[in-house]
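I opened this model to look up its sheet and the helices around it. My notes follow.

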Amino acid sequence: LAEVHHRIKNNMGTIRAVLNLQIESIDEPHAREALADAESRVLSMAVLYDKLYRTEGYRTLSGDEYLSPLIDEVLANFPNAASVRVSKRIDDFALPADSLLPLGIIVNELLTNAMKHAFAGRESGALDISATASGSAVTIRIADDGPGFPDNVDLAKSTGFGLTMIRAMTGQLGGDLRISGNDGKGTTFVLEFDTGGAAA
């Protein structure tokens, strides 16, 4: 199984390289952005399989061991990352293997959304990220200090691809996603789900 995870990780690397070559060959900004988003999503999957093949157990993975490097990898893709102060508090709790992929995609999308929109046109900004567990209940919180979103925008009902995928992945986790941010004090996403009591 470790060998399978390793091969999948390598295949993900190849897919990222192909996407990157495609990006370099295209001049149209929207097409380049869409391909870059796809590359970022593949990255979040590659991080997962890298961690899975390195771990001794295959049924669970530590939240800190998985989420902390994933956050670092995603943020490193953005040229403005150095100007964003990142506060991380990731507890060491067990995540079952079947929750890792949807969770990784959700975290990737939320971080990408913040880096693209919360800090546009700003010299600096702040991200506060936490992942905590109480028993089998996990809470992931990602908050930025950006301008938030307009009063007439309801992100909970947005039909944008990123948020549509986040809602689908939240459904896979059997979780709940709360969004706040039309008060001009940044945007906060809170994801809550139950791991079913996975053992460390």
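**Sheet notes**

I found an open sheet of five strands in the order 2-4-5-7-6, with mixed pairing. I took strands (E, at least two residues) and helices (H or I, at least four) as DSSP runs numbered from the N terminus. I counted two strands as paired if DSSP finds at least two bridges between them. The edges are strand 2 (84-90) and strand 6 (176-180), each pairing on one side only. The twist averages 10° from one strand to the next.

This is a predicted model, where local features need pLDDT of at least 70, side-chain atom pairs count only at pLDDT 80 or more, and totals for chains, interfaces and linings use all residues. Residues are numbered from 1 along each chain as its sequence is written, and side-chain values use heavy atoms, without hydrogens and water.

I went through the pairs next. Strand 2 and strand 4 (residues 125-134) run parallel, joined by seven bridges. Valine 84 sits opposite glycine 125 of strand 4. Strand 4 pairs antiparallel with strand 5 over eight bridges, and isoleucine 129 faces isoleucine 142 in strand 5. These two strands form a hairpin with two residues between them. Glycine 135 in that turn has a positive phi of about 65°. Strand 5 and strand 7 (residues 188-194) are antiparallel, with seven bridges. There I noted isoleucine 140 opposite leucine 191.

**Helix 1**

I checked helix 1 (residues 2-24) last. Its 23 residues reach 33 Å from first C-alpha to last, close to the 33 Å expected (1.5 Å times one less than the number of residues).

Note on methods
Axes fitted to C-alpha atoms, helices over the stretch in contact; angles between N-to-C directions.
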